[in-house]
Amino acid sequence: MNYPQYCCAILLLNQQTPVTVIGCIEPKQTQQGSTEKDKELLVSGSNKSSHFLMQLRPEWSHHAPNKLVCFGGKREDNELPETCIWRELQEELSWSPEDLTLAVQLWVGSCLKAWFYVGYMDVDTTELQTEPGFEAHAISMNSLDIHPVSDWHRDVLHAYLRGEKLVQL
């Protein structure tokens with residue numbers, strides 16, 4: 001079996017997800033002098049998710065500095081992808097989901113780069129603890145293109161929203 005180099009999680013927030021006091025970032029298209037966004041996010045809608053929970057990487061990060069990415073990381077030697085994503089979420093959020101499902105594969109040329117799993121947040125975001133310098137942000141599914149989302153992650157999230165299971169770059 002061909003395993004990916006990286007494993008990431010598409011974390012969905014829905015109406016049942018208690019979302020309080022989570023960082024919000026200003027879209028790229030904001031006007032000068034706009035007021036700071038409210039730190040309380042009300043996720044609306046029915047059972048359908050309307051926001052992704054994403055990681056804002058610090059400027060000193062080696063990969064995707066100052067960019068929003070899905071939580072996750074590189075697989076260790078001989079580590080199964082499922083083990084990797086569970087370990088990464090525990091390290092990056094101090095949280096383990098009830099369930100994750102493989103959703104999208106990312107290929108770059110002939111190289112399988114990443115598997116993106118999808119899961120729902122089942123805890124209040126105030127219970128999450130990010131690594132020092134990293135932040136968790138709720139990003140509307142309708143506003144991916146106006147936020148500083150890393151290119152690969154943007155491509156994967158758009159593919160996920162279209163119901164596609166493969167991204168080939």
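**Aromatic pairs in a predicted model**

Trainee: Quick one: what is the relative accessible area of Y160?
Mentor: Y160 has a relative accessible area of 24%, so Y160 is partly exposed. Buried means under 20% relative accessible area, exposed means over 50%, and partly exposed is in between (1.4 Å probe, protein chains only).

Trainee: What am I looking at here?
Mentor: This is a predicted model, where local features need pLDDT of at least 70, side-chain atom pairs count only at pLDDT 80 or more, and totals for chains, interfaces and linings use all residues. Residues are numbered from 1 along each chain as its sequence is written, and side-chain values use heavy atoms, leaving out hydrogens and water.

Trainee: How many aromatic pairs does the structure hold?
Mentor: It holds 4. Rings of Phe, Tyr and Trp (its six-membered ring) pair if their centres lie within 6.5 Å; planes under 30 degrees apart count as stacked, over 60 as edge-to-face and the rest as tilted. One of the pairs is Y3 with W115, edge-to-face at 6.1 Å centre to centre and 85 degrees between the planes.

Trainee: W115: buried or exposed?
Mentor: W115 is buried, at 6% relative accessibility. Y3 is partly exposed, at 31%.

Trainee: Back to Y160. Which ring does Y160 pair with?
Mentor: F52. The centres are 6.5 Å apart and the planes at 65 degrees, so the pair is edge-to-face. F52 lies in strand β2 (residues 51-56) and Y160 in helix α2 (residues 151-161), so the pair ties together parts 108 residues apart in sequence. F52 is buried, at 1% relative accessible area.

Trainee: Which residues form one aromatic cluster?
Mentor: Y3, W115 and Y117.

Notes
Helix = DSSP H or I, 4+ residues; strand = E, 2+ residues; numbered from the N terminus.
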